[in-house]
Amino acid sequence: MSSIYSDKEIKTLLNEKGNNINDVSPQFHQRVQETLFSLPDKKRGKRFTFAAVAAVMVLMLSVSGVYGEGIIDFFKTHIVLGNSNEARVFAEYSELVGQTVSDQGVNITIDNVACDDNYLVLFYTASDNEGKTIKDQGHILKKTDSVLGAFWVNDERLPNGERDDAYLTRDGKIKGMLSANISKLSLPDNFEVNFKAFAAMNKHGEWDFKFTVSKAAAMKETRIVNVNKEYTVKYPDYEHHINIEKVSLTPFGNSIIISEKFIDPLPEDGSPMHFFALYDDKGQTLDYTFPSGCTHSEKGSRISFEFIKGSKEMKSLKLVPVDPHFDRPVKGISNPIGTLDSFPLELKVSDRGSVLVKDVEFTDTDTRIYYSLNGYVVDWGASGHEFFLLDENGQDAFKNSYPCQWMYVLDREKGEYVHILPPLDKNQDYSIGCCIDGYYDYLDDQAIEIPLSN
Amino acid sequence: MNLICETKLAQKGSKKAFCSLIQYYEKEMYIVAKSILHNETDCCDAVQETILKAFENIAQLKQPEYFRTWLLKILVNNCNQIYRKNHKVILINEANIESIDPDEYSDIEARQVLDGLEEDLKTVVILFYFDDLPVKTISQVLDIPEGTVKSRLSRARTQLSKILSREKGRSYYEQHLL
């Protein structure tokens with residue numbers, strides 16, 4: 001008669017049977033990688049249908065007659081970016097493609113493509129050829145409702161860019177934008193691109209496109225500085241051995257490429273250096289995103305960081321390494337809150353950074369917070385910062401549920417953003433606040449000056 | 001990797017941090033999905049839905065230290081949905097064992113042991129003995145009372161003891177008496 005084994009005995013015996021049950025199958029691993037790769041670089045939140053188009057009043061945008069001409073379809077019906085500087089820039093450098101591929105009953109048309117030295121961006125329309133539309137689920141456009149795919153150049157898959165976006169039009173089509181980060185490649189002015197979509201409007205399929213892209217026009221407005229300088233940044237318990245490879249100032253956004261060799265002692269989490277403050281030659285803090293297209297192996301990394309603000313003529317950059325301590329409280333600062341009586345409203349989020357709220361707009365379909373960043377504020381590009389609104393009783397206007405949010409960059413030269421939240425009762429008075437970033441040690445004594453003269 | 005920091009970064013919208021978390025838990029998710037679904041394609045579909053759902057909703061996770069529990073719960077729900085949709089009937093017999101490469105013998109041994117269990121016990125066994133999750137966390141992941149987890153573990157212990165005793169005895173026989 002067998003006795004009942006203890007938990008320890010069972011665990012030992014099961015593990016003796018072999019640990020191969022823990023090995024992930026290649027198929028599973030590939031699916032995980034594909035899914036992660038397809039994720040956008042900013043959080044996807046609630047999207048709003050184009051049900052009611054009001055004139056979009058966007059602050060601090062210079063409007064010129066040029067905007068109305070040549071503006072590509074994607075921006076024409078976009079309820080936020082319609083008159084933005086983004087629309088102007090892409091109108092200036094985009095080309096018509098006009099290719100359509102059908103599969104699984106879904107038509108995808110690549111309408112336009114735009115390219116500079118850092119980004120390759122395409123604009124598409126997707127529709128169901130039986131006239132079926134995506135179900136409107138309360139202004140939410142799920143990622144799987146849009147087009148998912150990847151770019152290939154010379155049989156090499158390109159890293160995802162920061163510009164994925166999609167919305168539902170009045171007539172049930174999907175208009176979208178997809179991008180790839182090409183800042184780490186050395187591509188000629190004209191090159192062939194293969195875009196392969198693997199999912200669209202909730203269907204898996206294959207939509208294969210080939211087209212030629214030119215970045216020649218954008219290169220005329222581009223400055224590339226090959227820096228290639230090595231530095232060792234010393235933190236209390238570890239070091240980062242970096243090479244600042246290249247700074248590229250282009251119409252669609254700027255980038256700084258930093259590579260790193262992993263040499264012990266390494267940080268506990270094994271991650272490359274990605275916290276730093278960046279300043280232009282006038283001492284203005286530049287906003288930068290967390291890395292996209294990160295290449296991270298056991299031996300090192302090569303990361304392209306996008307940064308915005310600063311002029312294309314700036315003579316130098318300064319990089320100050322930062323040591324973050326998110327679990328440490330920030331002395332003297334709690335979540336800042338202000339009333340909506342006058343703007344700009346400064347909300348201090350760290351000892352060297354604040355969020356400047358320029359305006360809050362309450363429309364029938366959403367609540368829009370227009371803001372810019374002052375000083376060092378980490379991670380502007382991903383979540384767009386965590387705003388909250390309090391009602392007249394001091395209660396969370398969204399009842400402590402984290403409202404799905406969407407953030408847009410309205411102007412990359414000036415560093416202006418809009419944050420979209422669900423609609424609220426316009427007749428109430430609200431206060432606005434945002435969550436503090438965290439505690440940082442600034443390693444000012446290890447600041448790195450990067451001259452930008454060729 | 002500092003998992004809580006990484007979770008907080010992911011909640012702020014860092015795709016890199018989110019990817020690191022998913023890659024960290026990839027093996028664990030595979031084990032759990034396989035214990036429920038068996039079929040590779042179904043496991044892939046379940047994990048894809050899980051990743052997308054987790055990415056969409058991670059900001060709503062109020063306590064970052066419970067990311068693992070939360071992630072596994074989403075996965076289990078997705079696996080159960082696929083299981084119910086496919087109306088799969090798992091036959092607990094030798095016919096389930098695929099023809100194998102002799103090098104995978106030890107893998108099959110472990111799977112044979114698990115396949116010898118009743119269905120509702122397998123996931124609990126995987127989470128307890130392979131993932132080292134405590135009873136309370138298992139109850140949260142599977143959305144069942146702690147008492148139910150304990151009773152399933154108790155039944156699993158009895159069945160596993162029988163299976164493993166037979167295996168142990170056979171091994172002893174093969175080693176010493178043949």
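This is a predicted model: local features need pLDDT of at least 70, side-chain atom pairs count only at pLDDT 80 or more; totals for chains, interfaces and linings use all residues.
Close-up 1. The phi angle of N228(A) is near 50°, a positive value in a residue other than glycine, and N228(A) counts as exposed, at 53% relative accessibility.

**Close-up 2. The loop between β4 and β5 of chain A, with N154(A).** The loop that holds N154(A) runs between β4 (147-153) and β5 (156-157) of chain A. Here, too, the backbone takes a positive phi in a residue other than glycine, with a value near 55° for N154(A). N154(A) is exposed, and its relative accessible area is 69%.

**Close-up 3. The cis peptide bond between F343(A) and P344(A).** The peptide bond that joins F343(A) to P344(A) is cis, with an omega of about 0°. P344(A) sits in the loop of chain A that lies between β18 (337-339) and β19 (345-350).

**Close-up 4. A salt bridge between the two chains, R31(A) with D45(B).** Side chains of opposite charge can pair when their charged atoms come close. The side chains of R31(A) and D45(B) meet in such a salt bridge, with 2.9 Å from N to O. Because R31(A) lies in helix α2 of chain A and D45(B) in helix α4 (residues 40-57) of chain B, the pair joins two chains. D45(B) is partly exposed, with a relative accessible area of 31%.

Close-up 5. D128(A) and K203(A) form a salt bridge in which the closest N and O atoms are 3.3 Å apart. This pair links distant parts of the chain, since D128(A) is in strand β3 (residues 119-128) and K203(A) is in strand β9 (residues 203-214), 75 residues apart. The two partners are covered as follows: D128(A) is buried, with a relative accessible area of 11%, whereas K203(A) counts as partly exposed at 26% relative accessibility.

**Close-up 6. Further salt bridges of chain A.** The side chains of D281(A) and K282(A) meet in a salt bridge with an N to O distance of 4.0 Å. K282(A) is exposed, with a relative accessible area of 72%, while D281(A) counts as partly exposed at 31% relative accessibility. Elsewhere, E86(A), E306(A) and R412(A) are linked in a network of salt bridges. Over all chains, the count of salt bridges comes to 21.

**Close-up 7. A patch of negative charge on the surface of chain A.** Four residues, D341(A), E392(A), D425(A) and D429(A), gather on the surface in a patch of negative charge. One of them, D425(A), is placed in the loop between β24 (416-421) and β25 (431-434) of chain A. D425(A) is partly exposed, with a relative accessible area of 41%.

**Close-up 8. Two contacts in chain A between residues separated in sequence.** V320(A) is found in strand β17 (residues 316-325) of chain A and counts as buried at 2% relative accessibility. From V320(A) to Y442(A) the C-alpha to C-alpha distance is 6.9 Å, although the two are 122 residues apart in sequence. The second pair is I71(A) and R88(A), which are 17 residues apart along the chain and whose C-alpha atoms are separated by 6.8 Å. I71(A) is found in the loop between α2 (26-38) and α3 (73-76) of chain A, where I71(A) counts as buried at 11% relative accessibility.

**Close-up 9. Helix α8 of chain B and the residue that follows.** Chain B has 9 helices and 0 strands, and buried residues make up 54% of its 178 residues. Helix α8 (residues 135-142) of chain B is mostly covered, with 6 of its 8 residues buried. The buried residues in α8(B) are V135(B), T137(B), I138(B), S139(B), V141(B) and L142(B). Just after α8(B), D143(B) takes a positive phi of about 60°.

Close-up 10. Over all chains, the count of disulfides comes to 0. For C44(B), the closest cysteine sulfur is that of C43(B), 6.9 Å away, which is too far for a bond, given that a disulfide is a pair of cysteine sulfur atoms within 2.5 Å. C44(B) counts as buried, at 0% relative accessibility, and C115(A) also counts as buried, at 1%.

Conventions:
Residues are numbered from 1 along each chain as its sequence is written. Chains are lettered from A and ligands numbered from 1 in the order in which they are written. Side-chain values use heavy atoms; hydrogens and water are left out. Patches are made of residues with over 30% relative accessible area and no salt bridge: like charges are joined within 9 Å, nonpolar side chains (Val, Leu, Ile, Met, Phe, Trp, Tyr) within 5 Å. Accessible areas come from the Shrake-Rupley method with a 1.4 Å probe; for residues, only the protein chains shown count as cover. Lys and Arg count as positive and Asp and Glu as negative; His and the chain ends are not counted. The place of a charge is taken as NZ of Lys, CZ of Arg, CG of Asp or CD of Glu. Helices (H or I, at least four residues) and strands (E, at least two) are DSSP runs, numbered from the N terminus. Buried means under 20% relative accessible area, exposed over 50%, partly exposed in between (1.4 Å probe, protein chains only).
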